[in-house]
Amino acid sequence: LEALEQFFANSPADTGIAFVIVQHLDPHYKGTMCELLQRITPMPVQQITDKTLVKANNIYIIAPGFDLSIVNDVLHLLKPTEPHGQGLPIDFFLKSLAVDKKEHSIGLILSGMGSDGTLGLRAIKDNAGATFVQSPSSAKFDSMPSSAINAKVADVVAPAEDLIREIISLRLEITFKLKVEV
């Protein structure tokens, strides 16, 4: 939660980006993540239900006990194929994001334990998307960010509170290029 609070603390209401949060959650977790994040960001925050249509300027949080994929801007909740604690839900989602959004995909890895997310960032890079990673020195748990950095799949490494500006800047740069090319 700490890294997410730092990331969203300075977010404007109109980023032009949809944010999907995938965490390692116990299937029986009854959390208050939506309420806690809603206190620090002007963007609407909601827990994902199956077949949620993704819209810009919204934050979507995975439901406990599910894996998540995206197809044609629609989020799909799936029963995990691996027992709890053995799956890689972040890699699973980021790989589907890379296939769905190709060069428009953006992957972000914040504080966490293990290496989940590294293969997903590789898929995003392989599809010409952009990847962002919290600097390990600013992370409470540095193994997920370190894994991504060591695998050389991080385009930008910065503290969580700086990454939102980096992502918005990238979005504005892409939007400008698209307008110029049209």
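This is a predicted model: local features need pLDDT of at least 70, side-chain atom pairs count only at pLDDT 80 or more; totals for chains, interfaces and linings use all residues.
Now, what do the buried residues of helix H4 pack against? They pack against helix H3, which spans 89-101, against strands S7 and S8, and against helix H5, which spans 143-150. The buried residues of H4, itself covering residues 118-126, are Thr118, Gly120, Leu121, Ala123 and Ile124. After H4 comes Ala128, and the phi angle of Ala128 is positive, near 70 degrees.

Let me turn to the other sheet I wanted to show, which is also described as open, with three strands in the order S1-S4-S2 and parallel pairing. Strand S1, at 19-21, and strand S2, at 45-47, stand at the edges with a single partner strand each, so one side of each has no neighbour in the sheet. From one strand to the next, the twist averages 20 degrees. S2 and strand S4, residues 59-61, run parallel and are joined by three bridges, and within that pairing Val45 has Ile59 in S4 as its bridge partner.

Next, the salt bridges, of which a search of the whole structure finds three. In one of them, Asp73 pairs with Lys101, and the closest N and O atoms are 2.9 Å apart. Because Asp73 lies in the loop between strand S5 (67-71) and strand S6 (74-78), while Lys101 is in helix H3, this pair ties together parts that are 28 residues apart in sequence. Asp73 is partly exposed, at a relative accessible area of 30%, and Lys101 is likewise partly exposed, at 27%.

Another salt bridge brings together the side chains of Asp155 and Lys125, at 2.5 Å from N to O. This pair links distant parts of the chain, with Asp155 in the loop between H5 and S9 and Lys125 in helix H4, 30 residues apart. Here Asp155 is partly exposed at 40% relative accessibility, and Lys125 is partly exposed at 28%.

The remaining pair is Asp162 with Arg165, whose side chains meet at 2.4 Å, N to O. Both lie in helix H6, residues 160-181, and because they are three residues apart, about one helical turn separates them. Asp162 is partly exposed at 26% relative accessibility, as is Arg165 at 47%.

Finally, some totals for the protein. Its secondary structure comes to six helices and nine strands, and buried residues make up 41% of its 182 residues. Of the contacts between residues at least 6 apart in sequence, 65% join residues at least 24 apart. The protein exposes about 9,500 Å², of which carbon and sulfur atoms supply 55%.

Conventions: Residues are numbered from 1 along each chain as its sequence is written. Side-chain values use heavy atoms; hydrogens and water are left out. Helices (H or I, at least four residues) and strands (E, at least two) are DSSP runs, numbered from the N terminus. Buried means under 20% relative accessible area, exposed over 50%, partly exposed in between (1.4 Å probe, protein chains only). Contact means heavy atoms within 4.5 Å. Accessible areas come from the Shrake-Rupley method with a 1.4 Å probe; for residues, only the protein chains shown count as cover. Two strands pair if DSSP finds at least two bridges between them. Axes are lines fitted to C-alpha atoms, for helices over the stretch in contact, and angles run from 0 to 180 degrees between N-to-C directions. A salt bridge is a side-chain nitrogen of Lys or Arg within 4 Å of a carboxyl oxygen of Asp or Glu.
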